[in-house]
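Dear colleague,

Please find below the structure that I am handing over to you.

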Amino acid sequence: MLSVNERRLWDAHVAMGAIGALPNGGCCRLALSPEDKSGRDLFVGWCREAGCTILIDDAGNIFARRPGFDNDLPAVATGSHLDTQPHAGLFDGIYGVLAGLEVFRALNDAGITTRAPLETVVWTNEECVRFSPPTGGSMVFAGLLPVDEFHAERTIDDTSVREDLESLGFLGPPLGHERHPFDSFFEAHIEQGPILEGERMTIGAVTGIQGARMFEVEVTGQDNHAGTTPMAMRRDALNGAARMALKLNELANAQDSAIRLTIGRFDVSPNAASTVPGSVTFQIDLRHPDDAVLDRVEATLRRLLDETARDQGLELGVRDICAIPPVHFDRTLVDLVEDKARALGLPTMRMLSGAGHDSANLAAIVPTAMIFVPCAEGISHNEAESATASDLAAGATVLLHVMIERAGIV
Ligand SMILES: [Zn+2]
């Protein structure tokens, strides 16, 4: 069966990883930084060499288009992001971009023209490091974020996103899905978790992305002297917040194994050794694939927080930070990924994505699915992130076949 060129795909990762290279083998290409521009220019050059035309939209998203026989048909699209976290490895995001390019190169080698055109897209600012929001580029394309709001975002370098897009030469005209429709969208990505490796699987046919809710909890008591205030007379916000954290952990452990509850931020005030803490603010990150479970756990969580605050004589404020519903990918496309992977003889399983991706936004407007490949020990957002050349090639070969299937060969 037709397959991609493993060595060429690997070499492209190495060449791209040299841009913004870090001392421990990783790289840093923050969105719309000079390194991001160099990566974009390298990608655009490679795509032109492969016979693509290039379109840039008003969010700086890059659409590399390989013409088909019937260019009035909507494109079968793939892609991911070129930007990275500050201490990134060589695979998160860029794999989905280079896999799309490698599909084009493999089709060129085989002399195949598809009926519908194909596109590989680079979405701007998936990672949300220099500016917000995460997956902003694909949100604009999908009509989920007004482009003016995106352009007005301030970066950590005190520029606006619009200024950066202009100065880097990546500000194009409005495009959006109405003007530029897709037939379907596929995103290849490293799993960024330990499941595929643990199950000794090569391909994950991703069925969806779990839902996430975030809350900020403010617990208020009273600052007081550590030496003179009897234990029974204290209104210790830290004591109350710590009890809350333990109860929420017990609550999460009593649910099914798909639940994720994290308190990753905890601020104590005044944070002084000899003052009974009068105030604590902490954040809860709650995730599960099923909205009904999220509803139920959220209700219990709120009750536990209330009860604990009342027991301890503390005041409580709970603010919603965000509520992102679970995403369900297109069943036909998920089946297609699974069927093609099995036909290639690759160990394959269905799975959910724990992390968010641009595909969540695409799923709102077009049939979408993702292809996961393993990464060593599930480590990502880390210079030590690692994947094998053969797994990367396997995922790209699955991508090649699902794109050919959707686009058709005359
Ligand atoms: Zn990513």
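Predicted model: local features only at pLDDT ≥ 70, side-chain atom pairs only at ≥ 80, totals over all residues.

Residues are numbered from 1 along each chain as its sequence is written, and side-chain values use heavy atoms, with hydrogens and water left out.

**Zinc site**

The zinc ion is coordinated by H81 (NE2), D92 (OD) and H189 (NE2), at 2.1 to 2.2 Å. Donors here are N, O and S atoms within 2.8 Å of the metal (3.2 Å for Na, K and Ca); water is not among the atoms, so sites may look incomplete. Along the chain the donors have the spacing H-x10-D-x96-H. H81 belongs to strand β3 (residues 75-81) and D92 to the loop between β3 and α3 (94-110), so this pair ties together parts that are eleven residues apart in sequence. Helices (H or I, at least four residues) and strands (E, at least two) are DSSP runs, numbered from the N terminus. H81 is buried at 0% relative accessibility, and D92 is buried at 7%; buried means under 20% relative accessible area, exposed over 50%, and partly exposed in between (1.4 Å probe, protein chains only).

The loop between β3 and α3 also holds T84, which is buried at 3% relative accessibility. T84 and L30 are 54 residues apart in sequence, yet their C-alpha atoms are 5.4 Å apart in space. Beyond its neighbours within four places in sequence, T84 is in contact (heavy atoms within 4.5 Å) with C27, C28, R29, L30, E127 and V129.

**Nonpolar cores**

A nonpolar core is a set of buried Ala, Val, Leu, Ile, Met, Phe, Trp, Tyr and Cys residues joined through side-chain atoms within 4.5 Å. The largest one has 80 residues, and F43, F186 and V402 have the most contacts inside it. Helix α13 (residues 389-407) supplies the largest share of this core, eleven residues. A second, separate core of 23 residues includes V219, A241, L286 and L314.

**Largest pocket**

A pocket is an open set of points on a 1 Å grid over the protein atoms alone, with protein on both sides within 12 Å along at least five of seven lines; lining residues have an atom within 4 Å of a point. The largest pocket has about 1,400 Å³ of space, where grid points are joined across faces, edges and corners and the volume is the space filled by probe spheres set on the points. Its lining has 47 residues, of which R287, G354, A355, G356 and H357 lie nearest the centre. Strand β14 gives the largest share of that lining, five residues.

**Backbone features**

Two cis peptide bonds deserve mention. One runs from S132 to P133, with omega near -15 degrees, and P133 is in the loop between β4 (118-123) and α4 (136-141). Another joins S269 and P270, with omega about 5 degrees. N271, although not a glycine, has a positive phi of about 60 degrees, and N271 is exposed, with a relative accessible area of 63%. E377, in the loop between β15 (368-373) and α13, has a positive phi near 55 degrees and is exposed at 62% relative accessibility.

Yours sincerely

Methods. 1 Å grid on protein atoms, 1.4 Å probe; cavity = no way out; pocket = protein on both sides within 12 Å on 5 of 7 lines; lining within 4 Å.
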